[in-house]
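Please read these points with the model open beside you. They are meant for someone new to reading structures.

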There are 2 protein chains.
Amino acid sequence: MEGASKLKISSLTNFEVERVLSDDIFSKYVAVLGRFRDDDNSDCQAILRLSRRHFDLENLPALFSSGLQLDLDFHNDIYSKFAALPSEKFNYVTVDAIYPCTSKHISKFERKPVHMVRETPELYRNAILPYIESIPAAQTQWVVNILEGKAEVERVIFMDDNLDSGFVLLPDLKWDQIQANQLYCVAIAQRRDVRSLRDLTAQHLPLLENIIKQGSAVIQNKYGVGSECLKIFVHYHPSYFHFHVHLMHTSQGSLANGAGKAHLLTDVIDNIKVFGSDYYQRAVLQVEVGEGTDIMERISSYSREK
Amino acid sequence: MEGASKLKISSLTNFEVERVLSDDIFSKYVAVLGRFRDDDNSDCQAILRLSRRHFDLENLPALFSSGLQLDLDFHNDIYSKFAALPSEKFNYVTVDAIYPCTSKHISKFERKPVHMVRETPELYRNAILPYIESIPAAQTQWVVNILEGKAEVERVIFMDDNLDSGFVLLPDLKWDQIQANQLYCVAIAQRRDVRSLRDLTAQHLPLLENIIKQGSAVIQNKYGVGSECLKIFVHYHPSYFHFHVHLMHTSQGSLANGAGKAHLLTDVIDNIKVFGSDYYQRAVLQVEVGEGTDIMERISSYSREK
């Protein structure tokens, strides 16, 4: 048997499905765990992630003229519905494979049910804040590297190095940087003392307003997307606790901006201005929390002890 | 030429693409406008909406064993990426056709850019409220019919007929009522004097709390979905101005719950309780507004006049 990292996949014919780790009807995606039945490495598991390709808009005339085979499902007046079979070349599927995979990979791709939790200021102080403070600084070293120009330098779109109101703007890795209507950028604050939405007060308005103003202007200049077509928001809970802001085209089909997770930055500013500097310290926020995550663990044990 | 409503589609081979009305990379969907080149009705346009099918999870073993043809894109250590071609029967596409179609159909399927608008209380009073008041009552007659038991009676899951805090619960038409993790229901308030989120005050807390409490209990009993897995929210702006609430499974990939549109009902209740009964009359709310809609028209002409 070769070294584990040298195993190669040459065919999927002998792939034996063990179980579906996650799937999404909406985006036509499935992640499957299994083994290759007949090779020498049958003790190794593999994860295959399949996703349907989008239609190639350039080649739509070819798609039609090559003759879609039609099966009528239903006809009523001007409306009809068919099951259609495009000719071969239009049916490619993308397969991402991890082989061999570890239990860490499995757990990463396994769907975790998401729960809605009502986070009171008290729950924040007693369960969430201690969790945030327990995270080793090393986990956000990559952010510091970006801010200090030690990493991803060539990806930086814009940098304002004011330590109070400054930020670095980068394209999100999910964005191909080609299609403007899929635009997705991230602004990372220079200051390191804002862990999340919960820390924001009137003192941070210059930072927030600067991100909206300069971030929009840079995006308008570089990508031609107007500020009226930008959805600018923060995640709460965020995936890392160094203050950062998402800037996304309004036509984006992303789930990143869902209620219970995304808070629009102008709403944040207006809440602080209209209802008081301590709005986010007093607010009760319903948040999405994944089952089995560290945060959920803290919330559960706090609720049990209380 | 036969009556327009009798035109039938027998093949797509001669469909001539005029333009793409809308498409979505995320959900693999495209709506195309065009004509059938060689028939007698070449003056008639047709809209074809194509969407890729999700993988059939039951038949995954068959998908693999039938042999996906593999093209390696990339290999690095344990990671690899392929373009794969499943055998024919796994490649069906759903085609919904409207033929002949009218300009109304075209405009319905044409992607309208969505803009972010900062709605101040002043903008609400001077542009949005007059618009809401101009909508003829007949437009929500269908809601009244449901409340009065004159329509969709067999679809009603639960009815509380208290005129102050009562509501009717129905499945949303987008939900197949089979897959619990795709659950999507709507609760429509019995009272007719709440047009939207903007009207809510402490006076409506019994209604809001009743929808959360009884709505969740009914869904738990009937579909086995616990309240911790329910995202309960209102849309602002809503699609019709009779107060109603969306209840959706947290695992849903729907875009219905995006920031700038969805407001979680417990957040609404907590805002009113913590920051005052008039929270939603004082709040500034950033909202998504479609270009070319009546509301955008009102907003623009108000902004011009000011």
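1. Basis. This is a predicted model, in which local features need pLDDT of at least 70 and side-chain atom pairs count only at pLDDT 80 or more, while totals for chains, interfaces and linings use all residues. Residues are numbered from 1 along each chain as its sequence is written, chains are lettered from A and ligands numbered from 1 in the order in which they are written, and side-chain values use heavy atoms, with hydrogens and water left out.

2. Size of the interface. The contact (heavy atoms within 4.5 Å) takes 96 residues from chain A and 96 residues from chain B. The buried area between the two chains is about 9,200 Å², and carbon and sulfur atoms give 61% of that. Buried area here is the accessible area (1.4 Å probe) that two parts lose on being put together, summed over both. On the side of chain A, Arg52(A), Phe55(A) and Phe64(A) lose the most area to chain B, together 9% of what that side buries.

3. The rule finds six salt bridges between chain A and chain B; a salt bridge is a side-chain nitrogen of Lys or Arg within 4 Å of a carboxyl oxygen of Asp or Glu. Asp270(A) forms a salt bridge with Arg118(B), with the closest N and O atoms 2.8 Å apart.

4. Strand S6 (residues 93-98) of chain A and strand S5 (residues 79-85) of chain B run antiparallel and are joined by six bridges. Within this pairing, Val95(A) stands opposite Phe82(B). Strands (E, at least two residues) and helices (H or I, at least four) are DSSP runs, numbered from the N terminus, and two strands pair if DSSP finds at least two bridges between them.

5. An enclosed strand. Strand S10 (residues 184-189) of chain B has six of its six residues buried, so it is largely enclosed by the rest of the structure. Buried means under 20% relative accessible area, exposed over 50%, and partly exposed in between (1.4 Å probe, protein chains only). Tyr184(B), Val186(B) and Ile188(B) are buried on one face of S10(B), and Cys185(B), Ala187(B) and Ala189(B) on the other. S10(B) pairs in the antiparallel sense with strand S9 (residues 167-171) of chain B over five bridges, where Phe167(B) has Ala189(B) as its bridge partner. S10(B) also pairs with strand S12 (residues 244-249) of chain B, again antiparallel and over five bridges; there Cys185(B) stands opposite Leu247(B).

6. Asn210(B). This residue lies in helix H5 (residues 205-223) of chain B. Asn210(B) counts as buried, at 13% relative accessibility. Its side chain reaches the backbone oxygen of Ser165(B) at 2.7 Å.

7. Salt bridges in chain B. Over all chains, a search of the whole structure finds 32 salt bridges. Arg191(B) forms one with Asp164(B), the closest N and O atoms being 3.0 Å apart. Arg191(B) is in the loop between S10 and H5 of chain B and Asp164(B) in the loop between S8 and S9, so the pair ties together parts that are 27 residues apart in sequence. Arg191(B) is buried at 8%, whereas Asp164(B) is partly exposed at 40%. Asp199(B) and Arg195(B) also meet in a salt bridge (2.9 Å, N to O).

Methods. A polar contact is a pair of N or O atoms within 3.5 Å; within protein, one must be able to donate a hydrogen and the other to accept it, and residues adjacent in sequence count only if both atoms are side-chain atoms.
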